[in-house]
Amino acid sequence: MTTDTLARDGRRKRRQKGPVVDPAARAEVAALTVGLDRRRDVVIEALHRVNDALGCLPEAHVVALASLWKLAPVEVFEVATFYAHFDVIRAGEPLPPRVPVRVCDGPACRMAGSDALHDALAEAPPEGCRVGHGPCMGRCEMGPTVLVGRRAVTRATAAAVADAVAHAADPLPPSDAQRLAHAHAEGAYRVLADLRAGRRTDDEVLAILEEAGLRGLGGAGFPTARKWRTVRDLPGPKAVCVNADEGEPGTIKDRVWLETRPHRMLEGALVAAHVVGADLVVVYLRDEYPEAHALLAAEIEELAAHGLTEGVTVELRRGAGAYICGEESAMIESIEGKRGWPRHRPPYVAQKGLFGRPTVVNNVETLAWVPEVLEKGAAWWKSLGRRDRAGLRAFSVSGRVKEPGAKVAPAGITLAELIEEHCGGMADGHTLTAFLPGGASGGIMPAGLADLPLDFGSFEPHGGFIGSAAVIVLSQADDLRDVARDLTRFMAHESCGQCTPCRVGCDKAVTLLEEPAWDLDLLADLGQVMRDGSICGLGQAAPNIWQTLLRHFPEEAVR
């Protein structure tokens, strides 16, 4: 570190503090980030440009980026080192092979053999790549999944991964998803056109959504119309954020919506912006979905060309491998170019969200249903559910079923019905023993609860919840202790580290669950502290994993 020195003329001069900017690195970063505004909130986009091009983030390039953005190096380093998809290489360390290969270790991919695939690739890595693990990549129906750079290889084999590494620098080819999306696009944006032309009013929109009872389908289930009213009634400027960062193990539904009907989500977001008076819409998309990113970027460009975004700025932002950014305030921090740390409340994001604006945050599925509910009416929506529930929802189904995937089914359907009617039954040779109704944080439920409605309120009395409806089906072939340990390791890996109860608690839970006999009293105390003291839902819900297992399968405590 440099210090003040005495100049020859006796006056004290202050030398520049911090690392020296490498001119070559600065020139390279400047070339890679051409066209980006040098605003703080665009820092993550700039880091992506450099990381994509070089396969990592050399320290010299991070320092150069900070210089170009007129930020302190520490401000950029703390962001770059927070996100899993940025590989920061310190000065003096050798640069790694250019292509990162991440093998999914989510529950469904492990059932499909991802552990053996990872070991085979690690033992004989394709030339020019580095092999590692990655958490659930949102393709649970097509496992095992491997991300090769930004290219997803599904039902992966070592040979397919090697081929993808060889073509990692090639542009992504047009996908089946793009063709499907264009096939479904006819008639899109009619609701938005009616609203802008005055054939519908904002009050009518809110009344229909309220009568239909449409709720947030990302996990919390908050009434959509009530959220929109709250933001509408506050002074502007305002924003709409689309949470497309689904990262709960087993969750695939938003990816399917985006790859087949991206226009429905975008129309829903623009309707929300019109109703609440927002002039900014930001779609925050998880980095594991490069095909959806290309599709959305093209769709947004086409919207602008047809004047459908007039008066509204629509931006697409990439996440960078942080599950915590599915939490709405952490997502907003990330959009603003910071670490994805959840905010303390109040104020709530509806009151003070993106850039301090009152902000509507909805997930992809919620917004995708908005135009259809408005087109067909509240009575239509309410008629679709079962057991006094309203509407439809997409269930992400993976695990021991014959036909996994994103299944659109009536709200209130039971697991038993979902498996038989939409998944072709249990996979051959497998008998239902347990299931997760809402991914890792939704808890592990016994087969005896398979006749409960898969909906809000059903599993809370049993220690779990439906959340984003990531349904993972387990059988006698699955070791429930291993499932609990793996899911807890996921939570420990994805904890943002801001608060001690979650940061230390998740790590401690992993240690306890790795013991042959579990200390039940200590696990209970730990879970209570995490629930009471954690800032956000990750630390508050992580104890569901072991607490529901012990509640419904007490014999698993000692084995």
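**Close-up 1. Salt bridge between Asp115 and Arg110.** In this predicted model, the side chains of Asp115 and Arg110 form a salt bridge with an N to O distance of 2.6 Å. Asp115 has a relative accessible area of 29% and is therefore partly exposed. Arg110, at 32% relative accessibility, is also classed as partly exposed. The pair belongs to a structure that holds 42 salt bridges.

**Close-up 2. Salt bridge between Arg489 and Asp486 in helix α19.** The closest N and O atoms of Arg489 and Asp486 lie 2.6 Å apart, and the two residues form a salt bridge. Both belong to helix α19, which covers residues 480–494. Because they are three residues apart in this helix, about one helical turn separates Arg489 from Asp486. Arg489 is partly exposed, with a relative accessibility of 35%. Asp486 is partly exposed as well, with a value of 25%.

**Close-up 3. Salt bridge between Arg317 and Asp41.** An N to O distance of 2.6 Å is found in the salt bridge that joins the side chains of Arg317 and Asp41. This pair links distant parts of the chain, its members being 276 residues apart. Arg317 is in strand β11 (residues 313–318), whereas Asp41 is in the loop between α1 (23–32) and α2 (43–54). Arg317 and Asp41 are both buried.

**Close-up 4. Salt-bridge network around Arg317 and Asp41.** Salt bridges link Asp37, Arg39, Asp41, Glu315 and Arg317 in a network.

**Close-up 5. Surroundings of Arg343.** Arg343 is located in the loop that runs between α15 (328–335) and β12 (359–363). Its relative accessible area is 19%, and Arg343 is therefore classed as buried, the limit being under 20%. A polar contact of 2.8 Å connects the side chain of Arg343 with the side chain of Glu333. When neighbours within four places in sequence are set aside, Arg343 is in contact with Ser329, Ile332, Glu333, Glu336, Lys352, Gly353 and Ile535.

How values were computed: Residues numbered from 1 in each chain as written. Predicted model: local features only at pLDDT ≥ 70, side-chain atom pairs only at ≥ 80, totals over all residues. Heavy atoms only, no water. Helix = DSSP H or I, 4+ residues; strand = E, 2+ residues; numbered from the N terminus. Buried < 20%, exposed > 50% of the residue type's maximum accessible area, 1.4 Å probe, protein only. Polar contact = N/O pair within 3.5 Å; in protein donor to acceptor, adjacent residues only side chain to side chain. Contact = heavy atoms within 4.5 Å. Salt bridge = Lys/Arg side-chain N within 4 Å of Asp/Glu carboxyl O.
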